[in-house]
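Please open the model in your viewer and keep the selection tool at hand. The stops below tell you what to pick next and what you will find there.

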Amino acid sequence: NRRSRGRPMKQRLLVVANRLPVSAVRRGEDSWYLEVSAGGLVSALLGVKDVDARWIGWAGVNVPDEVGQRALTKALAEKRCIPVFLDEEIAHQYYNGYCNNILWPLFHYLGLPQEDRLATTRSFQSQFDSYKRANKMFADVVNKHYQEGDVVWCHDYHLMFLPKCLKEYNSKMKVGWFLHTPFPSSEIHRTLPSRSELLRSVLAADLVGFHTYDYARHFVSACTRILGLEGTPEGVEDQGKLTRVAAFPIGIDSDRFKRALELPAVREHINELTHRFAGRKVMLGVDRLDMIKGIPQKILAFEKFLEENPSWRDRVVLLQIAVPTRTDVPEYQKLTSQVHEIVGRINGRFGTLTAVPIHHLDRSLDFHALCALYAVTDVALVTSLRDGMNLVSYEFVACQGSKKGVLILSEFAGAAQSLGAGALLVNPWNITEVAASIGYALNMSPDEREKRHRHNYAHVTTHTAQDWAETFVSELNDTVVEAQLRTRQ
Ligand code: ADQ
């Protein structure tokens, strides 16, 4: 019964993701400080009509004692969040190990880690066991809070084992799974030792979603070639059971950016930045400091541009804002030093006593500062080596209402499929091509800029995060109804 006293009752949506959209800091034995992160997923789900969303996920902290767990659970309940508690060793093996050391690089075409490829099948296996155990712990919490009629939406590569665990608890549960990263070619996926088990677990879901049609196609190919199942235009079929597979390109909450640009504090910040960089064109990179984002390649391309175009050396500046992530992983530490070294060399080579060509910041910016930066940018440079979608490119476009800046975008980001007609698409590995695109973008006529921007702006403001979430949830409901009708026939 979806109606109560004449008012439509909202359908409950359980959103299950590795991390809750909240950071928790312990203040005392039974007291916690919580900070809600206003990320894209949160605002996307707040906008979904007739849905009452709750979050289930890991709070990102180790809480070994019961008093602490009870207090945190209570505090999180006020934010509509339900925690999953993972012990430190499992969390390490599952999150740092299997998720970030194995699945993340593999799904971005960086291959499996060398040591696992050589001999340590034991360590690979133990990481996979922890991954499954962690997924099972998520399933236990979902199952405990599940009520008939709820929709369960599992997110990302951290939780590929979850759909199977949930369906084992209750085959009637409506389960959707969405991948935020690319799904690689089946030839890449087949190198993974646990390739079949993971595919079968995901197939337990009713609906499986990806950012692009290509990722969906790769997934279906992996199921046909590795599992020998049948791919249909609808998805994948296994002994009469259809798992629907489709593309649901994510978007952003573009109104949130538009509103921010009207705020006096943001306007003031825009004026300061305009004054600070007067006489120079501003180029911008905003990324998590991750190998998939192609930051060294971007900076080397900028160096090549300066090398070949001396007249631009004191007329352009590159602002690269890179939030450090996974700082305890040696590869990421190496990447940070590599980026610092290249930036230092280029600034030494082309800088003057009063100006440097690259400003590199190793930190996160708050939302308003980010909006101001996007607004003053003439050329945004997104050079991901692979990227599920890349929301930075969308955010830049949303903040370019008056400036109509140019977006240089990697053809290996999912966003290339939606913003390709307005952006200058590049192969980030081809530094000569990226350098030439920088020159083209800086010299682009106002007419061409306007035309390209109009295309992208129309897309970003009409394909929002809210539409994405709403489409996925309604498609999941429809898929389940259709499956019920089919089994009755
Ligand atoms: P990410 O890899 O994190 O997301 P992206 O889509 O670009 O990549 O989103 C990054 C978010 O972090 C943006 O909202 C951006 O504003 C913010 N951000 C990045 N650097 C920042 C900085 N220095 N300061 C402040 N904010 C910063 C994963 C996938 C993507 C996919 C998304 C959503 O890897 O491909 O697009 O999920 O599905």
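Leaving aside its neighbours within four places in sequence, with which residues is Ala222 in contact? Select Ala222 and you will find that it is in contact with Ser186, His189 and Leu199, where contact means that the C-beta atoms of two residues, placed from the backbone, lie within 7 Å. Before going further, note that this is a predicted model, in which local features need pLDDT of at least 70 and side-chain atom pairs count only at pLDDT 80 or more, while totals for chains, interfaces and linings use all residues. Residues are numbered from 1 along each chain as its sequence is written.

Stay with Ala222 for a moment. Ala222 has 27 C-beta neighbours inside 10 Å and therefore counts as buried; a residue is buried if 20 or more other C-beta atoms lie within 10 Å of its own, exposed if 12 or fewer, and partly exposed in between, with C-beta atoms placed from the backbone. Glu187 is 35 residues away along the chain, yet the C-alpha atoms of Ala222 and Glu187 are separated by 7.9 Å.

Ala222 belongs to helix H9; helices (H or I, at least four residues) and strands (E, at least two) are DSSP runs, numbered from the N terminus.

Next, select the open sheet, whose nine strands follow the order S7-S6-S3-S8-S9-S10-S13-S12-S11 with mixed pairing, two strands being paired if DSSP finds at least two bridges between them. Strands S7 (81-84) and S11 (230-232) stand at the edges with a single partner strand each, so one side of each is left without a neighbour in the sheet. Within the sheet, S3 (residues 11-19) and S8 (residues 151-155) pair in the parallel sense over four bridges, and Val16 stands opposite Cys154 in S8.

S17 runs parallel to S14, joined by two bridges, and Ala380 in S17 is the bridge partner of Leu284. S17 also runs parallel to strand S18 (residues 406-410), here with four bridges, and Leu381 stands opposite Ile408 in S18.

Now turn to the ligand and show the 19 residues around it, of which His180, Ser364, Gly388, Met389 and Leu391 come nearest; a residue is near a molecule or strand if its C-beta atom, placed from the backbone, lies within 6 Å of it. Strand S14 (281-289), strand S15 (316-324) and helix H15 (391-398) each supply at least two residues of this shell.

To finish, select Tyr394, Val397 and Ala398 of H15 together with Asn456, Tyr457 and Val460 of H18, which make the contact.
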